[in-house]
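Here is a briefing on the model shown below.

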Amino acid sequence: MTYRGPSAGTLFLCLFLLLIPTVTIASDAPFRRGDVNDDEGVDISDPITVLDHLFNGSQAVGCLDAADVNDSGSIDLADAIYLLTYIFSGGSSPPDPGPFDCGLDPTLDGIGCFQSSCDGAGDPARVAAGHLMHRIGYGPLPDDVDQILAVGIEATLTSQLNPGTGVEPNNPALSDLEDFFTSEIPVADERFLLRPNAPFHYFLGFEEPPVDWAQPGFDDSDWIVGKAGFGWSDNDDVTEIPQFASTDLASMYIRTEFILTDPAVLPPIYLKMLHDDAFVAYINGFEVARSTNANGTAQLVGNPPPFNQYSNGTHEAGIPEYYPIPDSWFQPGINTIAIQGHDAPNNGDFTLDPTLVTQMFSTDPGRRIVLSDGNLQRFPFIRGIYSTRQLQTVLGEFWENHFTTDEEKLRDLIRNARNRYGFRILGSNTAARMHSATLEFEEYDFFRNNALGYFGDLLMSSAASVPMLVYLDNILNFAAEPNENYAREILELHSLGVDNGYTQTDIEEVARVFTGWTVTRIPNEMIQEFPDYVTNPVTTGNHSWTTTELVAIGEDWKYFKGTQEPTPDVVGGPTTAWTELGYDDSAWLTGPTGIGMGDGDDATVLTDMQNNYISFYARKTFTINNPATPDRLELEIDYDDGVVLYLNGTEIARSPTMNDAPTPPPFTAASGNHEAVGRPILIDLDHFRPLMIAGTNVLAAQVHNVTIGSNDTSFLPRVTSNVPTSRHIDLNNRQGRWEFLFYPANHDTGAKTIFEGTPYQLDIPDGRLGVDGVLDGIELLDTLAAHPDTAEFICIKLIQRFVSDDISLASISDGSAPLELQALLADMLAAWFSTVRPGHIGTVLETLLDPVNQQGPFWDTGNARAKIKTPVEFINSTLRSLYADASSDDLANWMKDMGMDLFQRDEPDGYSEIGLDWIGTTTLLERINFSRRVASNVDNDYQWDIGNFIDPTQGLGSIEVVEVFDEVLFQGALTEAEKCIIIDYLETDLDGLPWPLDPDANNYETRIRDMVGFMLSLPRWQFQ
Amino acid sequence: MLNRRDLLRTGGLAALGLIMPPLTGPNFLARKLLAGPIGAGTGAKKMIFIWQRGGNDAVNTVIPSGDVDYSQVIRPSLFISDTEALDLGNGFAQLHPALDPLMEIYNHTSLNGIAGPGNLAVLHRIGYPEQSRSHFSAQQFWENGVPGDETLDEGFIYRRFANVPGFPDDPFPGAFLSDALALSMRGPIPMPAFPATEDYSFSGSLAEVERFLGALPSTPGGTDGSGFYGVYGGKPDMEGGPYRDALMPTGVKLGESVSTVQQALAQGPYVPENGAVYPNNTFGQQLAEIAMLLKRTPASLLGVNIGGWDTHTGQGRITGAHPNILDDLAQGIQALSRDLQDMWEDTIVVTVSEFGRTSIENGSSGTDHGAGTAMFVAGGNVIGGVYNCDPSTWEAGALFSENDRYLAANTDFRVVFAEIFQQHFGDDPATMDQFMPGYDLAAAQYPGLFTQLGFLT
């Protein structure tokens, strides 16, 4: 393949088109008179070009007006002489527009200008309006320029600076998309009837279970016991069923019992269900719920569906779904829930994870949630493209980026969070990211709503935001072990700027200030508005209940040394008769707990145990007045080395160290190794209420040592009845929210000094106990917000964002920044401190924008088209310019490919405002590929209607079409040189041959779209 | 549903090798063939640099086992005993066990059966005077080569290579394997950067791409070009306007480098040689692409990032986050050394990281920002061994030699690169100050920090 240089045809084509009479308007291009070769200056090469043109027939003169140096209406030797005289002999300057400035020919003559690097003759007012929208917004919509010209720039800016709050009125395009990509959780008081991770009996569907398997009276004693959820392969399973992947297993059956008071007086009851793929649920033998596909079609058929039926359609378990169940299906006392779950064919993953809850709904508006990071990442596009509050939206993204956090880090933390009983509260990534995306959304929403408010509010809300507390590790910042990560970044990145007025000592002191700032989950009733949740913070963890001991440590237990089976069967093997309520333990020894030896935690010391017996048995009766009460029953047990526990004759739990022992374990069984270290395991006894009876119940345990020669053993059991306080929220509860927690016990109460020896020195006294410790942070945040270095750093970033990249902390400190930017900075700093409370961003921006006089660097045309668009600016301005639809989730991927991953940036510094950081081969490639794809309408996701710009029946030719889109995209500012290349592109076919645009051909629209893609690939479109 | 990537890939594949070949392409800016063999201004010498962004914990990378302070006292959860670490034979320094793949290079000059001293240099205590503990500043200094200069946005590696006649104007002088060009390689003349070769293509069929690209103007900045090359190689929309001098040539370089890369890919699937196995992740894929590009294109300078070094929490001792990336790094360098045996004598692989970390473990089983760090240099002419981690260079209390918290530097990173530039590429020592402004002054001021370590023949 050879290099395809400029053919004679290329140039000819362009000149030919421009010379035809119908397009004389295009020959009125601005030019510099005398700059004949259009190299932005008049020198000896220009008269030479004239002479070349006259005598050698060179076609290199693209702008005849420029060569008509004396403006005589023709090009002749006099023009060359005029130029030579001007250059060498101090002759007069060529007439208007002269050799330096671009302008139109004031004389009506027979020649024109076809090719020039001067900006086109776009109306300066329209160009200015386009510039304005590119800076305070994401570029103009097709009718924005007209609107601005109609209402005036001052009025436009006044409304942009005072955007109002809440839902945007009369903007259905925006509100429909916002509603579509968020969901709502109704506010309710949610309580469990069947708690998470309950034990079920289960049966794998390799054959049909007995016909009465779902009935209350069915004997499921030969089914296996396992804890919910059941399944395989998506990391949300407590009881794993590998047969779903390794065999053609289609179904499994689970059943358990639970106890109710009077169902008729309960709030509405729901089956809260995670399922993958299909299920049918039965209460007391009657079907109460059955899954369907999202479109309503049946996943399962038959009553009941047979064991070997696969689900018709897949369903992923992610966020629990709520199936209402009328209370009439329930009865007071013991009820049976039975569920058959079915897998889709050839589908390895399976989940069946049911709970039962009641929900008492509130009339409060529901909480808006964002279901996924994908939906979260749409918002800068949805709002960027459709919001009329453009300045507020741009600033919202600016602050989000300034206080950047990473949704993925938050998601990981939430995904791995475990409840009190050691089970993960959210099985899956899907469920976790609902929380992380929602929290990020709320943070971003605050930044946007307060974008024009006080910087101090933004700083404080960031300091106390859950995403930030997690992102910069402040949740790991303890008095005993400070973590400096957040301390460093709040100084370096959020307030003062790097190395701007702080020391390493300040970082260490600031880390101490923020010790104890962490996160918790709070119930709905405790949710407060900003700033109350910071100034009046929650100070306790989510677990909070009042406890009554039913069985205390130190109470007497009956016990039996394991020198033999306590209740052997006929061949001497173990039975559980000794665990029964009616068993006569009067012959057993009596002693207080702990029972054991060798490690100092025993009230009853088994001095003869080592080398004599490996196990012992213990029993304790206790009283339950009514098994159906709503208090929370819990068993705590610390042990060494293994234990198996029974309630009224039924095994309810065993330590992991006994997992390999038979059921029941013989008296000789050895345990795995485990030390009692004061961290007892907790067992949710509410699961076992159906085993309880009103009156006396018995708890029994067999305790095993790791070897007969082991020198220590422990048994420390405790049973409690608990009533949650109003602070308490179960982590499995869908209600409530993650929130800032100031935890005094982790706060360093010593004295602290920050910015020592400066006018901004902050002395924090020692001894601020309890909630008062939060004042350290609040005072520091106030100090930072009022610090002149903060004002300087933030104002510099605002100038970078809105005016020019030619300013930085360094160029301000060494004085090398342009003087007009230094002056602007000084004005903005004055504005920053002009309000009673410093740092009102709206006031500072009003100074920058100067809506009344429209003077200053923002309005300096030298700063127009001087900034490279960031990826989000590029995408938004592209879609806005064509009024393309913006609902695609692909936009976030494009943005990522261009180098910007909003809400998920790893580094804490946010994305750069500086153009050089956005110039690179890959980001340019992705921008071009994106633009051409949008222009061509090949994606359903961002369609635009060419009819908004061109009436296909008008039969516009190439030049008119270029003019139309020159106006749409650039407010008519394209140079003739650019237009010429565009027309050449439009009118050249794949073989490089001329290809006139035919308005009647059916490729007319396709070719125009291709041309628009090319126009969006121009260097000019990279700038704002 | 076909996603966008697939569509682009289809377009890219269709265009494989058929886009305007840059080697016989435009004579723009009097470049390329006229200047002699492409990318060969310094012979066939090549450099690969690996950027460990985030600040590597040098102390758990190259372990000063001979220092009594390195113990469970300062590192309760991160301490690695001398029986667990890999011995480097100098009776003092050891490597983290996850770096085991590096031992193959450390112990053997090459894989072709010739035994000899290894060609992996392990450099400890590298830094510069008055180190910054900000990621952003420290990376800036390590890349612009002028510690203390927060504003210079031009890389010292760029400056060194730009000095080679013909190099920067070469259609494909090298690349950085990331979506953005590292500052080290930034300069007035753009260098290509892309995360993956496969996606580095314009959408459309061959003919469509060719029509889109068009042709450069007959003279730089002229108006007689066409298509994409015509606008990016032609007159800027605003003469002398901001960033035009960066953006316009970036466009031209984009067209040219895409063409080169797609031609390289068109030669067929890349199969690493000599049993090289790259890590099975993005970093490993990027290293494999680097090897492919070194073999199939004229590129002589390639760089890549590996992240995850900012181990404030849960760093991991023998297993975990830090060991995992150490393993990736070591596997990657080992794979390069195997794969590039045919050009190993001409190749130098160098790792950099902006700082080391605190000698004392923090409360979150991690480490915080520190000072002196460690580098690895591998290549056929490297004199294997441990530098700056032996009883003669490691004084008592060295772990607290800066701010009582971190390891102070013994050697300036600029002299490490000066040695590479002079010994590997044959640069004149007098040019160091040109590549790294302030070099001569700093060298005079800190003679100890600026003594060459002698790891190259």
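## Helix packing

In chain B, B:Phe283, B:Gly284, B:Leu287 and B:Ala291 of helix 8 meet B:Asp328, B:Gly332, B:Ala335, B:Leu336 and B:Asp339 of helix 9. Two residues are in contact if their C-beta atoms, placed from the backbone, lie within 7 Å. Helices (H or I, at least four residues) and strands (E, at least two) are DSSP runs, numbered from the N terminus.

This is a predicted model: local features need pLDDT of at least 70, side-chain atom pairs count only at pLDDT 80 or more, and totals for chains, interfaces and linings use all residues. Residues are numbered from 1 along each chain as its sequence is written, while chains are lettered from A and ligands numbered from 1 in the order in which they are written.

**Helices 8 and 9 of chain B**

- By class, the contact of helix 8 of chain B with helix 9 of chain B holds five nonpolar, two polar and two charged residues.
- Ala, Val, Leu, Ile, Met, Phe, Trp, Tyr, Cys and Pro count as nonpolar, Asp, Glu, Lys and Arg as charged, and the others, Gly among them, as polar.
- The axes of helix 8 (residues 282-296) of chain B and helix 9 (residues 321-339) of chain B come within 10 Å and cross at roughly 20 degrees.
- That angle makes helix 8 of chain B roughly parallel to helix 9 of chain B.
- Angles under 35 degrees count as roughly parallel, over 145 as roughly antiparallel, 65 to 115 as roughly perpendicular and the rest as oblique.
- Axes are lines fitted to C-alpha atoms, for helices over the stretch in contact, and angles run from 0 to 180 degrees between N-to-C directions.
- The crossing of helix 8 of chain B and helix 9 of chain B is right-handed.
- A crossing is left-handed if the near helix is turned anticlockwise from the far one by less than a right angle, and right-handed if clockwise.

**Helices 10 and 13 of chain A**

- Helix 10 (residues 373-386) of chain A packs on helix 13 (residues 429-449) of chain A at about 20 degrees, with their axes 8 Å apart.
- Helix 10 of chain A is therefore roughly parallel to helix 13 of chain A.
- Their crossing is right-handed.
- Helix 10 of chain A brings A:Asp373, A:Asn375, A:Leu376 and A:Phe379 to the contact.
- Helix 13 of chain A brings A:Arg433, A:Ala437, A:Glu440, A:Phe441 and A:Tyr444.
- The residues of this contact divide into five nonpolar, one polar and three charged.

## Contact between the chains

- Chain B gives 64 residues to the contact, and chain A gives 62 residues.
- On the side of chain B that touches chain A, helix 1 (4-14), helix 3 (135-144), helix 5 (206-213), helix 6 (227-232) and helix 7 (244-265) each give two or more residues.
- Helix 7 of chain B gives the most to that side, with nine residues.
- The side of chain B that touches chain A divides into 29 nonpolar, 23 polar and twelve charged residues.

## Domains of chain A

- Chain A is divided into domain 1 (30-113), domain 2 (124-160 + 867-1022), domain 3 (188-361) and domain 4 (546-724).
- These bounds come from an automatic or database domain assignment.
- The centres of domain 1 and domain 3 of chain A, taken over C-alpha atoms, are separated by 87 Å.

## Sheets and hairpins

- Six strands of chain A form an open sheet in the order 4-3-7-12-9-10, with antiparallel pairing.
- Two strands pair if DSSP finds at least two bridges between them.
- Strand 4 (224-227) and strand 10 (286-290) of chain A stand at the edges, each with a single partner strand, so one side of each lacks a neighbour in the sheet.
- Strand 9 (residues 278-283) of chain A pairs with strand 10 of chain A in the antiparallel sense over four bridges.
- A:Tyr282 stands opposite A:Glu287 of strand 10 of chain A.
- Strand 23 (residues 642-647) and strand 24 (residues 650-654) of chain A run antiparallel, joined by four bridges.
- A:Tyr646 stands opposite A:Glu651 of strand 24 of chain A.
- In chain B, three strands form an open sheet in the order 3-5-4, with antiparallel pairing.

## Backbone details

- A cis peptide bond joins A:Ala228 and A:Gly229, with omega about -5 degrees.
- A:Gly229 lies in the loop between strand 4 and strand 5 (230-232) of chain A.
- The peptide bond from A:Thr663 to A:Pro664 is also cis, with omega near -10 degrees.
- A:Asn648 has a positive phi near 50 degrees in the hairpin of strand 23 and strand 24 of chain A, which has two residues between the strands.
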